[in-house]
Amino acid sequence: EHGEWLYPEDFLHVCYEVGWNYLIRGFEEKTLSKLLVAKKRIKTTNEHFQKLAFEHPLYNGFMLHALINTGRNLEAEEQFKRCQSLIGQKPDDIMLQCYLHTSLIAYYTQLGELGQPLDDVIAQCEKLFPIPELSLFHYRIYYVLKAYARLLQWEKASEQAKPKVLINLKNAYNELLRASSQPYTMHRLVIKAAIGRIEKRYRKAKRLLRRAERHASRVDAPWAYYEIMCERARINSALKQNDEARHHARMAFSCARSQGWLNRLRKLSNDFDQMNSLKTSTSTNSSKEATGSLNFRSLRTEKYFQSL
């Protein structure tokens, strides 16, 4: 409302700070809105400033992260190409390299690309900032994304590969622990709970998730809440508690639907399809409680994704 009283660079820094606050909690639509406000202000400046502003690492990194998380895959693909181009053009710009490589991790994991391209990006990030405690504050979201990426790799790995991938997951958790500050505590607890589940320490895992949920509720973080519900569903599934697993899967689905996370909706449908957790409903009341007015018996999931 008072942006005309600020220098353009100060105005943009405010937009990026607010956008980051939304991004780390899971409000990507609001992040996009702040980036669009920033874009509008940039266009009022001279040509030289516009060039610098549109190449800013926070602007481009946050934009890619928000686009892919909200399922705007075509726009995200264009932004992905732009980020790759900037990475190639400015190899000595450490700040740009850090933020854009971090956004590439979000891009690959949202699309389910968990192979060599993702490993290559993570390896590059490790070279850029080998010491978590000394990394830039905004850059530390990298350690959250890396830990979730390693967890996804473990879930998809073959039985022979799982021990090696588990080592990578534990290393990612230790880095997140070293880099962790208040905004990241809830994610650290989720990853620790996931490791507990993998090692069949279910009681400890549930206790950690309760702690994570308290943190997420305090700061209003749907991203963490979604991950907590997914992890609870996996724990219930491992314990053969199918009704509870379906309940938590529906809660995660409802959270993802409310935030417009189309790629996460697809992933949930695939992950819990064997339990029919997202395509069927055990009762009308539980379906309405978890998913609002959505009736899974009368609506095919893929058509629902297309309509969104």
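Tyr 226 is buried, its relative accessible area being 3%, where buried means under 20% relative accessible area, exposed over 50% and partly exposed in between (1.4 Å probe, protein chains only). The model is predicted, so local features need pLDDT of at least 70 and side-chain atom pairs count only at pLDDT 80 or more, while totals for chains, interfaces and linings use all residues. Residues are numbered from 1 along each chain as its sequence is written, and side-chain values use heavy atoms, with hydrogens and water left out.

Trp 261 is likewise buried, with a relative accessible area of 0%. The structure holds 12 aromatic pairs, a pair being rings of Phe, Tyr or Trp (its six-membered ring) with centres within 6.5 Å, called stacked if the planes are under 30 degrees apart, edge-to-face if over 60 and tilted otherwise. Two of these pairs are set out here.

| Pair | Centre distance | Plane angle | Class |
|---|---|---|---|
| Phe 80 and Tyr 108 | 5.8 Å | 75° | edge-to-face |
| Tyr 226 and Trp 261 | 5.6 Å | 80° | edge-to-face |

Phe 80 belongs to helix 5 (residues 73-89) and Tyr 108 to helix 6 (residues 94-110), so their pair ties together parts that are 28 residues apart in sequence; helices are DSSP runs (H or I, at least four residues), numbered from the N terminus. Phe 80 and Tyr 108 are both buried. Ring pairs also link Tyr 99, Phe 129, Tyr 139, Tyr 142 and Tyr 143 into a cluster.

On the surface, Arg 218 lies in helix 11 (residues 202-219) and counts as exposed at 54% relative accessibility.

Technical notes: Helix = DSSP H or I, 4+ residues; strand = E, 2+ residues; numbered from the N terminus.
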